[in-house]
Amino acid sequence: MKKNPPAGFHPVSAPDFLPHEQLQSLQLQRLKAIVQRAYDHVALFRRRLNDAGLTPEDVRSLADITKLPFTVKTDLRDTYPFGLFASPMKDIVRLHASTGTTGKPIVVAYTKEDIDVWSNVIMRSFAACGLHAGDVIQNAYGYGLFTGGLGAHYGAEALGATVIPISGGNTQRQLMVMKDFGATAICCTPSYFLHIIEQAPELGVKLKELPLRAGVFGAEPWTEAMRRRIEAESGIKAYDIYGLSEIIGPGVAMECQCQSGPHIFEDWFYPEIIDLKTLKPLPDGEEGELVLTTLGKQAMPMIRYRTRDITTLTSEKCECGRTLRRIQRIGRRSDDMFIIRGVNVYPSQIETALLKVEGTLPHYQIILTREKGLDEVEVQVEVTKEVFGDTVGALEQVQRNLGHSIESLTGLRMKVRMVQPQTIQRSEGKAKRVIDQRKM
Amino acid sequence: MKLKQLSLFLENRPGALSRPMRLLAKAGVNILTLSIADANQFGILRLILRDWEKAKKLLEKNGFVVKVTDMVAVEVPDQPGGLAKILDVVEKAGLNVEFMYAFTEKRENKGILVFRFDDPDRAIKILQQRKVNVVASVELLKQEAA
C-alpha cells in the first residue's frame, strides 16, 4: 500500500524525453519569440537592450542569450505593480503577488496561455513522481496571492487527480482530512510537513498506516538530511519541487522517482548557472547562481532572471530517461547567506548539522547579534521528546552535541539554546530561519 | 512500588514556571512534591502528582515536553544520621543516584525522600533486603481522608 505503484508513462510527460537537438531547436524558436515580445512591450527591457546596443535580431543561437541583460528582483519592485507586463489587462486572467515581507510586494501576471503552460508543467511534475488520475492530492500550499496553492491546484485537476484544496494551516484538520479522505499525496512546504508529522501522534494518526505515499515539497530550501528524516518518520516518498513566482510559480523543476534532483522543464524555462562574482556563465557541473529565462510567458516574460538560488546544473543521464537537465536541490539562497566573523554561513548548513544529532527536529532559528563589535550567533532548537530526559546532564549533552556538529560543519562556534517545543514560529509558507538583530 | 515522576522542560526566562503551574491549578491537579533542576539556559521541573496521567495529557496538549520516570520513595527517620544510614546502603550496593528530593509531608516522625536510581527495580530489591522502608506508591498517592 505504501509503495509507489509502477510509474506508467503519462502522455503529458512526452516533452520530458525530447531528444537534445529537438529540445534546443524548440528552445531557440521560443527564445527568439520571447525576446521580441519583451522588446516590443516592456519598456525596461527595451531600454536595456538598446543601451547594450542590441536588438532582438542579435539572438541567433541559444548561446547568444548570454549577451542579454539580467533581470533582478528589484526590477519588479521598481516597476510595481504592472511595469513589466507585456500584455494588456484584457488578456491577463490572473495576478499573484509575493507576501512582500520587505517593502512593496512583487506582482506577477498570467494570460490564459500562461495558465495552460503552468498547468502543463505541474501536471508533468506530478506525473514525474508517479501520481496520476485516481490519486487524491491534498494541496496544503496556501491559496491566495501566493502562487503555490492555485498553481498546484490547476495542475492536479488537469492531471485528473482528485484535489483537496485545503490550503495551509490548521494541522488538526489537515490530519483528519488526510486520514478520512484517504489522501495519497500532499503538497506543502517541507517544514510544514514536519510539523504535521509532529502533531500526528497527539491526534492519534499513524502516518505510516495511511495511504499517503508521496509528498511534493517546495517553496523553501531544504536538505537531503531533512528528506531522509521525513521519509523515515512518515513512510512516504518526499519529492523536491522547485519554482518561483517571478518565473511562473511551482513547477519550474521537479524530481522524478529517482529523487536525484529536480529536472528543469527546459522546454519552457531556459536555465543558466552564473558565477556569483563575475556573473559569467559556468559550465554544467559547476556551482553558481541559477538564472532562468521564461520561454513562453506571455503576460510577463522574464529574461535572464537572477533567482538568487545557488545550485549546479547537471546533464548527466538520469535513470528515468528524461533528457531534461537537473539542478541540485536548492539548499542555499544567496539571499539567506549570512556572514559571521568573516565566514559565509547558510542556514542549510545549520540544518544539516542539527539533523546529524539523533532525535532532534529541524525546527530552528538563527539569531544574529553583535556585541562590542563581535558577531554572535545563537541557534535556537526546539526540545523534542526524544532528546529530553529528567536529568540536566542528558540535555546538556545534546546541547554540546549540537554545538559540535555545527562547529564541525561551519568551523564556527555558535551558542545553542534549547527552547520549548512549538515556540519557533511554524510557517505555512516559507520558514524564516535567520533573524538578524545586528545593527550594521 | 515505583512512583511516577513527570519532568518538564522549562526555558530559563521569567514566567516559565508559572505557566504549567497555572494549567495544573486550573485543572484541579494537586502537586505532592516537586523539584527544579537548573542549568545555564534551561530548567527541568520534576513533579510528583496523584493524577499524573491527567497532568501529562494536559501538559502535552499545551505544548510541553513531558517525560515519565520511575522514582523510588524511601522512608527516612527524622533524626541525625537518618539519611546517612540509607546512603550507606545505597553506596555499598553500588546503586547510582541521579538525584533525589524530599516530600513535603512527614509521616509520624519520618520524612520521605524520592530517589532517581539508574535501575529502580534493582534498587528496590536491595533496599528492601537491607530493611530500608520503601514506601508503596499507593500509600503515598492515596487521598487524604476528607
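Trainee: Helices here are DSSP runs of H or I with at least four residues, and strands are runs of E with at least two, both numbered from the N terminus. In which strand is Arg308(A)?

Mentor: Arg308(A) is in strand β12 of chain A. Before we go on, keep in mind that this is a predicted model, in which local features need pLDDT of at least 70 and side-chain atom pairs count only at pLDDT 80 or more, while totals for chains, interfaces and linings use all residues. Residues are numbered from 1 along each chain as its sequence is written, and chains are lettered from A and ligands numbered from 1 in the order in which they are written.

Trainee: OK, back to Arg308(A): what is its phi?

Mentor: Arg308(A) is not a glycine, yet its phi is positive, at about 70°. For background, most residues other than glycine have a negative phi, and most peptide bonds are trans.

Trainee: And why does Arg308(A) count as partly exposed?

Mentor: Because Arg308(A) has 19 C-beta neighbours inside 10 Å. With C-beta atoms placed from the backbone, a residue is buried if 20 or more others lie within 10 Å of its own, exposed if 12 or fewer do, and partly exposed in between.

Trainee: What does strand β12 of chain A pair with on the β11 side, and over how many bridges?

Mentor: Strand β12 (residues 305–311) runs antiparallel to strand β11 (residues 288–294) of chain A, and 4 bridges join them; two strands pair if DSSP finds at least two bridges between them. Across that pairing, Arg306(A) in β12(A) is the bridge partner of Val291(A).

Trainee: Which sheet is that part of?

Mentor: An open sheet of 4 strands in chain A, ordered β10-β11-β12-β15 with antiparallel pairing. Its edge strands, each pairing on one side only, are β10 (269–274) and β15 (332–333).

Trainee: Switching topic: how is β18(A) paired with β19(A)?

Mentor: β18 (residues 364–371) and β19 (residues 374–382) of chain A are antiparallel and share 8 bridges, with Gln365(A) opposite Gln380(A) in β19(A). They form a hairpin with 2 residues between the strands, where Lys372(A) has a positive phi near 50°.

Trainee: Is the pairing of β18(A) with β21 parallel or antiparallel?

Mentor: β18(A) pairs with strand β21 (residues 434–436) of chain A in the parallel sense, over 3 bridges, and there Ile367(A) stands opposite Ile435(A).

Trainee: What about the helices, say α4 and α5 of chain A: at what angle do they pack?

Mentor: Helix α4 (residues 112–128) and helix α5 (residues 147–159) of chain A pack at about 70°, with axes 7 Å apart. Axes are lines fitted to C-alpha atoms, for helices over the stretch in contact, and angles run from 0 to 180 degrees between N-to-C directions. That angle makes α4(A) roughly perpendicular to α5(A), given that 65 to 115 degrees counts as roughly perpendicular, under 35 as roughly parallel, over 145 as roughly antiparallel and the rest as oblique.

Trainee: And which residues make that contact?

Mentor: Among them are Trp118(A), Ile122(A) and Phe126(A) of α4(A) and Tyr154(A), Ala158(A) and Leu159(A) of α5(A); two residues are in contact if their C-beta atoms, placed from the backbone, lie within 7 Å. By class, the contact of α4(A) with α5(A) has 11 nonpolar, 4 polar and no charged residues. Ala, Val, Leu, Ile, Met, Phe, Trp, Tyr, Cys and Pro count as nonpolar, Asp, Glu, Lys and Arg as charged, and the others, Gly among them, as polar.

Trainee: How many residues of chain B are in contact with chain A?

Mentor: 17 residues of chain B are in contact with 17 residues of chain A. On the chain B side, β1 (3–11), β3 (42–49) and β4 (66–77) each give two or more residues, and β1(B) gives the most, with 4 residues. That side of chain B has 6 nonpolar, 5 polar and 6 charged residues.

Trainee: Last one: how many helices and strands does chain A have overall?

Mentor: Chain A has 10 helices and 21 strands. Its radius of gyration is 22 Å, close to the 22 Å that the globule rule gives for 440 residues, so chain A is as compact as a globular protein of that length; the radius is taken over C-alpha atoms, and the rule is 2.2 Å times the number of residues to the power 0.38. Of the 440 residues of chain A, 46% count as buried.
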